Number of protein chains: 4
Amino acid sequence: MAKKKLNIGMVGYGFMGRTHSNAFAQAQHFFDLNYEPVLKAACARNEEKLKPFAAQWGYESIETDWRKLIARKDIDLVDIASPNDTHMEIAIAAAKAGKMVMCEKPLGRNAKESKKMVDAVAKAGVANMVWYNYRRVPAVTLAKQLIDEGKLGKIFHYRAKFLQDWTISADLPQGGQGLWRLDVGVAGSGVTGDLLAHCIDTAMWLNGSIDSVTAATETFIKKRKHSLTGKVEPVGIDDASLFLARFANGSLANFEATRYARGHKALYTFEINGEHASIFWDLHDLHRLQYFDHGDEGRTRGWRSLHITDGDHPYMAKWWVPGLQIGYEHTFIHQAADFIDSLGKRKPASPTFKDAYATDLVTDAVLKSAKSGRWERPKT
Amino acid sequence: MAKKKLNIGMVGYGFMGRTHSNAFAQAQHFFDLNYEPVLKAACARNEEKLKPFAAQWGYESIETDWRKLIARKDIDLVDIASPNDTHMEIAIAAAKAGKMVMCEKPLGRNAKESKKMVDAVAKAGVANMVWYNYRRVPAVTLAKQLIDEGKLGKIFHYRAKFLQDWTISADLPQGGQGLWRLDVGVAGSGVTGDLLAHCIDTAMWLNGSIDSVTAATETFIKKRKHSLTGKVEPVGIDDASLFLARFANGSLANFEATRYARGHKALYTFEINGEHASIFWDLHDLHRLQYFDHGDEGRTRGWRSLHITDGDHPYMAKWWVPGLQIGYEHTFIHQAADFIDSLGKRKPASPTFKDAYATDLVTDAVLKSAKSGRWERPKT
Amino acid sequence: MAKKKLNIGMVGYGFMGRTHSNAFAQAQHFFDLNYEPVLKAACARNEEKLKPFAAQWGYESIETDWRKLIARKDIDLVDIASPNDTHMEIAIAAAKAGKMVMCEKPLGRNAKESKKMVDAVAKAGVANMVWYNYRRVPAVTLAKQLIDEGKLGKIFHYRAKFLQDWTISADLPQGGQGLWRLDVGVAGSGVTGDLLAHCIDTAMWLNGSIDSVTAATETFIKKRKHSLTGKVEPVGIDDASLFLARFANGSLANFEATRYARGHKALYTFEINGEHASIFWDLHDLHRLQYFDHGDEGRTRGWRSLHITDGDHPYMAKWWVPGLQIGYEHTFIHQAADFIDSLGKRKPASPTFKDAYATDLVTDAVLKSAKSGRWERPKT
Amino acid sequence: MAKKKLNIGMVGYGFMGRTHSNAFAQAQHFFDLNYEPVLKAACARNEEKLKPFAAQWGYESIETDWRKLIARKDIDLVDIASPNDTHMEIAIAAAKAGKMVMCEKPLGRNAKESKKMVDAVAKAGVANMVWYNYRRVPAVTLAKQLIDEGKLGKIFHYRAKFLQDWTISADLPQGGQGLWRLDVGVAGSGVTGDLLAHCIDTAMWLNGSIDSVTAATETFIKKRKHSLTGKVEPVGIDDASLFLARFANGSLANFEATRYARGHKALYTFEINGEHASIFWDLHDLHRLQYFDHGDEGRTRGWRSLHITDGDHPYMAKWWVPGLQIGYEHTFIHQAADFIDSLGKRKPASPTFKDAYATDLVTDAVLKSAKSGRWERPKT
């Protein structure tokens, strides 16, 4: 018997447009889904660029106005993969139209925008999710399992970094295709919303809520040419953002994100030190988890390098055989599969808009502390 | 304008049936192909197992007799992903029917079978390829580039291992679904054809032909229950296979494969030591290449860990952004894309049946030396 | 012709008494020294424990009162390897007596004590040094060379951690033999003076002075039995200490030390990200330096793992042959050799008491910020 | 009460003269010995070079003729650290004179020479030992413990390599100071006796005796200028030596040594795969042991990186505190301490001359097989 279809309207054709499209295309090849995801329509203003994207992914149709996309009766789910400054308006309209809404992270450009989005999906009662994809790296999901099982015991320390080096050149312009992340008007913030947000989402998922933070931010290159205006303009984003935090569970934490760490492309790492065990993970080798178990016999106690490719590792029974690794894009496939699997169930797949809003409260507190020079609490 | 279609008939629905199906499904999402691959028909004797496979991958039809598949006019390419003992017969018949033929490795169960297959595709003049997928790990392809550019200079040593540990238990039966690799009648040999063949294919691609070998093989568990007969029967395959080799270029080599290396799931590694530089690669971290350049300044000379995720690395411009790794299945996608790209061109995509036959001559020499106790030369 | 002797009076027989004794004993075996260091006298109150120590190291005599040691005419150099609360009094007295003074780190229990020690050696005009031994790990010394040569260019980030896990058990008492580091009265502070001080000394040596800090400290176990009183008493030391910093050169930094990082014994690491290159070092593999040079050709650019065992690496020409590593104690041997080599020269070997005082100003600012919740500046 | 003295006569002042001298000098600082080793006399023909060596190490006297050294009544132990071609004659004479004899490896230039040495010490009944120092790397000693405790179960595979790159340049002469290892007359063989001998000693200690081997050797540079004659002469040594082996316990092995592995300075590695666990060790990080225990729970099973610096690791209670590594020279210190500790006890410290002879039988078989092209058995 044919499965019920889940018709998807994709907004955006960039980097994230590709990861999301691939997620839906592949989910059905590897997971037993209750719905068949259909790439129904791709939407963007730039028709010239949209067409080859839609063709490559096999979208059945295109739209150049997201309002029209939302108005279509044959669209069940609107997936927002366009720049940050478009998230709020599209998400609220989609929710009002009764569509399920998925949104690339960060949810809004700040917690205020996000709050409106949370309210909109709550009011409409529609399924919603934010693409904090790193929760579904099998190694990270395993970390969650181990923590929830109590393997680490009381947590003392959490440590996360997201290091990149792609904006060091002063010749790099801000704004425009591929560079909107340097334009504060579009992005909302710099590495705080782009990279720290990932770290915070994972951290709160694994270690609970954050009580207070003290932060420092820096913009190393103060002015850059703007691609859209052609003029050299002040840079509004933060190039680096660091903060210390106290979690509600009493643990101390250390977060850092930067685009000025020469030699690192996308080095998202986190480490958790518990009473009985510790965990370390690294996006550059995402198929591994480092695990230290103090319960091991003394002479042979050491950090274990787990190669997360076995059938008893999260999600991995769906893929290949032990020893054969998966990559970055699979985190989105897992998220799409989990979202589809959650439809009609009591418990929504996380992170919901509400979960993502909690992260935005922390990033707002970080930016506030960087200005005030004081400890700040995430608050609504 | 719509692309010309390339209609694929897939034989087999197991592990390799999945990797090949995925290769064709994904190639068009990430590569600009001249042909649109179409999953036209899936074929296997077991209809019950074939149906869900065909549904999951979106095959348009199924066949339960490969002869019927080959007889279909709407099939352009027959892809053989079934056990080794079926390769020869299907490939020869497909070639005679004028179909392009792709075949999972090893080509035949021995060089004699392979020779017949080579002759058949030559006579029919059909495009052909063998799925030695590891040539298209971006890190391995980069190794090939560096060697061809002369970066290593004269080669002194080649070293390869393929270590697994999945058959250590004496309770594991031989034969049947998922275990035909332990049945010498189906597989042809043990780790020699299964694992060493990969090592040899890569080695000859990177370092040229092999002159002579001295080998040792071992079957640690002498008898196992056979899944099909239900009886305990002698084990005919080799559990471990090691050999020393001399290459035509004067370099010395060391090869080893085993399924009794506790702690290793699929640890295919190779290292090449040249006059000026050395290279090391490891399937367990396939997105990295270790590179040592003796030309570096003395104090800061050391092994470089290359994270093969940049746009100037082979194939990687087609995927994500720097720092984000791909996985095992992508090697098949690259191979499918290269094959399709080669259609109608003078130079076939490698490895062809003929290339794979050269590997079989070496594996035959290895098995012969293991019996004779003497150095043997690969020969037709 | 016989060398002039340098008669050493060693105060303390514990862990540091051993490393210092070994330093002087071995320096003459591997370095060409202008003076012959002589282990003249070992000094400690506990004669029973002192005697076997003195015998094992071949000290010519013992003293049980440091005042007597200082009073001896045949002592040229007083080396203080006793607990922190003894440093100030002994150092000042030794300086007044005209002895050269070497002192285990931290100099005083706080900057106020250290200032008096700096003044005393300045007034007496005696050679002085503090055993911040990690400057003389060959890999760390090489890092200094590379930075001074401008290989890194402008520095954006400095990151250091010192992670241990030996005090997690609540059953561990405070105070007494081997545990005085948990007694705030003796130690002055917890990990701030014990571990962060090392990180800060290296950081300021490599990256210049620190402008301001924001910090957090924590004492996870609030009460412990005191070994000397036998009573459960409040714990005065910090178990963990973290701070963010801004350096005078504009770089942002992140420091952390703790004794609650399960799985790490003495994991002192630092990383420096510059415009052109980056460096990473790790005490657990102290014979290696990780180096990334952005100037390398794109495809083969990666972190280099330098095995610091070659003749052109700092200090290594004095040891074995390439590939053969040295260990922890060698850092003290290098420091002893450098100190002896500097005698009679214009430029003293670093770090002097004055250099160590600068570190104490930072640790004081860290502790102050942890209380005030505000950014603090190191100041006299 | 003063300890009884053990007066040492050292023959040789080169690389090994230094490691042995250091071993005796340091053993008493870190181990509780029954005898006090005394550096009584250093001996070599070249007085000019001998004198500064003797002075640096504090030898009480020098001799320029080893016969005089042996004739001295105040010498208890003759330690032979001179080139291989001197070992036999000195050792036999020393044994005849009733001296204890220690000898740098390999024992003789071939098994025939070694046999005479074994007979001489047996006849004289003197304590004897060969400096196969790697047995006393704490990580390697721990490997021995784990194997002896049955942690690995039945052994399937042994794998060892010793890779260097210091003789690749064709301009390097053979013979003379520091280069006698390239002169077959002095060294006996090339990497087979120099490097493989180490691998074989460790292997037989850990895994029992070797039944048969098949080998290949190569001399990449066929002629080199000889330092002593000044003429270009054929090179008699092997630059690379590889062999496959079968052990008496049924395991298969793979050995390789070369001085043409660009990028490796002294990369001695071994791996042992057992039914239940596996072990890997690497001289370039000698303070670590990699350990895989199949008994670990499935999800968190992985290779453990053991940092061999704890008090319950072999020898380490004598050194520093957890996390602080030792280096290469310590292996000799441990051996000296064990030798002294064994004096007067029933069981001699290993490896004795007899143990080393067994290794020479294997190296002889390797060289024989490399010529015969057949499997050869080590035999007397």
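In chain C, C:Ile8 stands opposite C:Leu77 in strand S4, and that is where I would like to start, in a model that is predicted. The two strands concerned, S1 (residues 4-11) and S4 (residues 77-80) of chain C, pair in the parallel sense over four bridges, where pairing requires that DSSP finds at least two bridges between the strands. The elements I name are DSSP runs, with helices being H or I of at least four residues and strands being E of at least two, numbered from the N terminus.

A word on conventions before I go on. Residues are numbered from 1 along each chain as its sequence is written, and chains are lettered from A and ligands numbered from 1 in the order in which they are written. As this is a predicted model, local features need pLDDT of at least 70 and side-chain atom pairs count only at pLDDT 80 or more, whereas totals for chains, interfaces and linings use all residues.

Staying with chain C, strand S1 (residues 4-11) also pairs with strand S2 (residues 35-43), in the parallel sense and over eight bridges, and in that pairing C:Val11 stands opposite C:Cys43. Together with helix H1 (residues 15-30) of chain C, S1(C) and S2(C) make a right-handed β-α-β unit; right-handed here says that, with the strands pointing away from the viewer, the path from the first strand over the helix to the second runs clockwise.

Let me turn to chain B for the sheet as a whole. There we have an open sheet of six strands in the order S3-S2-S1-S4-S5-S6, with parallel pairing. Strand S3 (61-63) and strand S6 (128-130) of chain B stand at the edges with a single partner strand each, so that one side of each is left without a neighbour in the sheet. From one strand to the next, the twist averages 25 degrees. Helix H2 (residues 47-57) of chain B packs on this sheet, touching S2 and S3 of chain B, and its direction makes about 165 degrees with that of S2(B); the axes behind such angles are lines fitted to C-alpha atoms, for helices over the stretch in contact, and angles run from 0 to 180 degrees between N-to-C directions.

Strand S4 (residues 77-80) of chain A runs parallel to S5(A), joined to it by four bridges, with A:Ile80 opposite A:Cys103. On its other pairing, S5(A) is joined by three bridges to strand S6 (residues 128-130) of chain A, again parallel, and there A:Cys103 stands opposite A:Val130. Two right-handed β-α-β units follow the chain here: S4(A), helix H4 (residues 87-96) and S5(A) make one, and S5(A), helix H5 (residues 111-124) and S6(A) make another.

How do the side chains of S5 (residues 100-103) of chain A point? A:Met100 and A:Met102 point one way, A:Val101 and A:Cys103 the other way, and all are buried, buried being 20 or more other C-beta atoms within 10 Å of the residue's own, with C-beta atoms placed from the backbone. In a regular strand the side chains alternate between the two faces of the sheet.

A further buried residue is A:Ala266, with 22 other C-beta atoms within 10 Å, which lies in the loop between strand S12 (252-258) and strand S13 (267-274) of chain A. Its C-alpha atom is separated by 5.2 Å from that of A:Gln164, although the two residues are 102 apart along the chain. Leaving aside neighbours within four places in sequence, A:Ala266 is in contact with A:Gln164 and A:Leu283, and also with B:Pro322, B:Gly323 and B:Leu324 of chain B, contact being C-beta atoms, placed from the backbone, within 7 Å.

Finally, the copies. Chain A can be laid on chain C by a turn of 180 degrees and a shift of 0.0 Å along the axis, with an RMSD of 0.0 Å, the superposition being by least squares on the C-alpha atoms of residues with pLDDT of at least 70 in both. A:Arg374 comes closest to that rotation axis among the residues of chain A, at 2.8 Å for its C-alpha. In this contact, 30 residues of chain A meet 30 residues of chain C, and the chain A side divides into 14 nonpolar, 10 polar and six charged residues. 100% of the interface residues of chain A are also interface residues in chain C, so the copies meet through the same surface.

Notes. Contact = placed C-beta atoms within 7 Å. Buried ≥ 20, exposed ≤ 12 C-beta atoms within 10 Å, placed from the backbone. Nonpolar A, V, L, I, M, F, W, Y, C, P; charged D, E, K, R; others polar.
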